[in-house]
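Colleague: I am new to this structure and would like to go through it step by step. Please show it first.

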Amino acid sequence: MITLFGTELSVDAYRVRLFLALLALPYRRQESNILRLDDDGTVLEGSDRILIHLAHRHNLSGSWRLYGSWLDVGRDLPSRKLFRQMDEHLWFAEQEGPGWLCGGHPTIADLACFPAVVLSESAGVSRLPFPALRRWSDRIRQLPGFVAMPGIFV
Amino acid sequence: MTLSGWFPVARSADLAPRHVFQTGLSGQEIALWRDRDGRANAWENRCPHRGVRLSIGANLGSELRCQYHGWRFASGTGQCVAIPAHPGQTPSERHRATVYRCTERFGLVWVSLADEAEDIPTLPGSIWLPLRGMFVEAPLVLVERHVMDSDEVRFFLQPVTDQQTVIHGLWIGSVGDPVALLRQQNDALTQLRNRIESEAA
Amino acid sequence: MTELTCEDRVALDEWHVVAALIGLPVEQEQTVRLLGCDIALRRGEDHHISARVAGSGRSLPVQTKFGHVWTSLGTPVRTLFAIPEYDEPDRRNVIAEMVPVHVSAPRAVENFLDLGHFAYVHGGYLGAEPHTEIKPYKVTVEQDEVIASGCKAYQPRASLIADQGFEVEYVYRVPHPYCAVLYKSSVLDETRQDVIALFVQPEDEDRITAHMLASVLDPTSSDQEIKDFQQLIFAQDKPILENQIPKLLPLNPRAELWAQADAGSAAYRRWLTARGVRFGTIPA
């Protein structure tokens, strides 16, 4: 059984909760200021490491596992410069297929970047100049099993 | 800045299903969305109830739903068709979103904020490929000085605000590999944008 | 030399919240902003609190109430309103954190009074489709305060200790241009009410810090849990508030559209006009 230690308002914890929901994995929740996952004895901290672990252990098809350098990008968001790069990257991905950050299908790269993108306005970075980024945000919100957090509309 | 006339605001392909596209003209925010029958809507990006942006609302297919109180507005007329706080009642005629004129041509979506507007510019030939719109943090007058039409490409400028302009390019030359062309033109426009922005700074 | 950019005499002559006591360390000056003016707050070792206008050094009156620090840039004509429940011995009084929001104070107050958004903004907690109907409720002005009573909403999870949905009855009270108090039936004792208060610090016309007090009957939850619940609810409201255009509250009744469920906010806007409040509003 998976136990997730975190808080409702933490963006880091949300990344993990979102992945657990998209994978339809049952789990227990425990309030804690430090984000931690206990997966039947394997204990990990930090949303990146937890996302990678869940993708390897629980995603049988392996489709979620790619992330390239996007986890690093995720940590530096929001940033207008990175949004420009992401918008261009996603726009061209849309020309050739469904428009995800890595590999033509949703991966943990998308989940790592999604919360900071969609909450960027409250950090003072507008998304108005980035249409491909906005369509990508909607695509993620429309994934089956998607869960929101305060500030993110379903 | 004159508000009359038609301006391109997006590529037709930008209006994805179940998406609300946020854009603007001369400081007026616009919520752009395509209904399930393919019709494009350009509305004032502001719910007439309590002023919440319609672009954070939901495109339900034939209606746009405001995120605040769930009021639903019909495609085409902008008429409010449902107020969830009063389920049995039909909202009055006055309960409607502000609708702007909107049409699609050359693979672009054009909007006019005025009631009367001159015609949309025409293009030679019948083949065109809309390029990726380039968002520039600079006023229209500055962008205008740098952008030049050629035999192969025509440019149309969208003044989003007085400090932001989108360059919409239509490729009217021959197209070999469309994606390669789009990338090449995108690179050129990116460099142009960087030049314009350093001048604006 | 004028130290104040705010010209709204009515707003200047009110008491306004500027800080939560728990956020004020001893012997350390804090700058807070009120009505466009910077104020230096200082809490001495004897816990006496002083407030001075940052530029001129003019001393301002200070009182502490409901766990918060209140001051005035003018000459208060009214005493600060009362919340008698705060002093009841079996109450939990919890200060939820202060949240900055890029919107005007009256918009934040109106959102607090609003019933029609529960299913859409607080879905799963304070409301859910299809239980969206708001039946008519009563609105009066009593002793210079706006009161909305008999407001009913079906709530899946009305409070921290509610584990099932039930119909909740609310009373709203606006005792101050930028403060609102709500009373909702307690899950534990139907003859008594939980009290949630919003005290808005109007920093600039379109910027505020929202302070919240929960004065509840709840013997089991920790302070942190009560705080977390209030913060979660407010975190859902914040992006709505920051996406409202215009940020200032229009007082002209024709500026925005109305539904019957908006009776409370209609009364609030009329009350602001009658009082002559201008800061944070677009006068009619």
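Colleague: At what angle do helix H4 (residues 80–96) of chain A and helix H6 (residues 131–141) of chain A pack?
Modeller: This is a predicted model, in which local features need pLDDT of at least 70, side-chain atom pairs count only at pLDDT 80 or more, and totals for chains, interfaces and linings use all residues. Residues are numbered from 1 along each chain as its sequence is written, while chains are lettered from A and ligands numbered from 1 in the order in which they are written. Helices (H or I, at least four residues) and strands (E, at least two) are DSSP runs, numbered from the N terminus, and axes are lines fitted to C-alpha atoms, for helices over the stretch in contact, with angles from 0 to 180 degrees between N-to-C directions. The axes of H4(A) and H6(A) are 7 Å apart, and the packing angle is about 70°.

Colleague: How are H4(A) and H6(A) oriented to each other, roughly parallel or roughly perpendicular?
Modeller: Angles under 35 degrees count as roughly parallel, over 145 as roughly antiparallel, 65 to 115 as roughly perpendicular and the rest as oblique. The angle here is about 70°, so H4(A) and H6(A) are roughly perpendicular.

Colleague: Is the crossing of H4(A) and H6(A) left-handed or right-handed?
Modeller: A crossing is left-handed if the near helix is turned anticlockwise from the far one by less than a right angle, and right-handed if clockwise. For H4(A) passing H6(A), the crossing is left-handed.

Colleague: Which residues in H6(A) meet H4(A)?
Modeller: Two residues are in contact if their C-beta atoms, placed from the backbone, lie within 7 Å. By class, the contact of the two helices has seven nonpolar, no polar and two charged residues; Ala, Val, Leu, Ile, Met, Phe, Trp, Tyr, Cys and Pro count as nonpolar, Asp, Glu, Lys and Arg as charged, and the others, Gly among them, as polar. H4(A) brings A:Phe83, A:Met86, A:Asp87, A:Leu90, A:Trp91 and A:Glu94, and these meet A:Ala132, A:Leu133 and A:Trp136 in H6(A).

Colleague: Is A:Asp87 buried or exposed?
Modeller: A:Asp87 is in helix H4 of chain A. Not counting residues up to four places away in sequence, A:Asp87 touches A:Phe130, A:Ala132 and A:Leu133. A residue is buried if 20 or more other C-beta atoms lie within 10 Å of its own, exposed if 12 or fewer, and partly exposed in between, with C-beta atoms placed from the backbone. A:Asp87 has 21 other C-beta atoms within 10 Å, so A:Asp87 is buried.

Colleague: Which element gives the most to the side of domain 1 of chain C that touches domain 2 of chain C?
Modeller: Domain bounds come from an automatic or database domain assignment, which gives domain 1 (9–71) and domain 2 (84–282) in chain C. In the contact, 16 residues of domain 1 of chain C meet 19 residues of domain 2 of chain C. Helix H1 (9–12), strand S1 (16–20) and strand S2 (30–34) of chain C each supply at least two residues of the domain 1 side. With four residues, the element that gives the most is S1(C).

Colleague: How far apart do the C-alpha centres of domain 1 of chain B and domain 2 of chain B lie?
Modeller: In chain B the assignment gives domain 1 (7–112) and domain 2 (129–200). The C-alpha centres of these domains of chain B lie apart by 27 Å.

Colleague: How many residues of chain C are in contact with chain B?
Modeller: The side of chain B that touches chain C has eight nonpolar, seven polar and four charged residues. Chain B takes part with 19 residues, and the number from chain C is 18.

Colleague: Is B:Phe106 buried or exposed?
Modeller: B:Phe106 is in the loop between strand S9 (99–105) and strand S10 (108–112) of chain B. Its phi is near 60°, a positive value in a residue other than glycine. B:Phe106 has 22 C-beta neighbours inside 10 Å and therefore counts as buried.

Colleague: What is the peptide bond from C:Glu129 to C:Pro130, cis or trans?
Modeller: C:Pro130 lies in the loop between helix H3 (118–121) and strand S9 (138–142) of chain C. Omega of the bond from C:Glu129 to C:Pro130 is near 0°, and the bond is cis.
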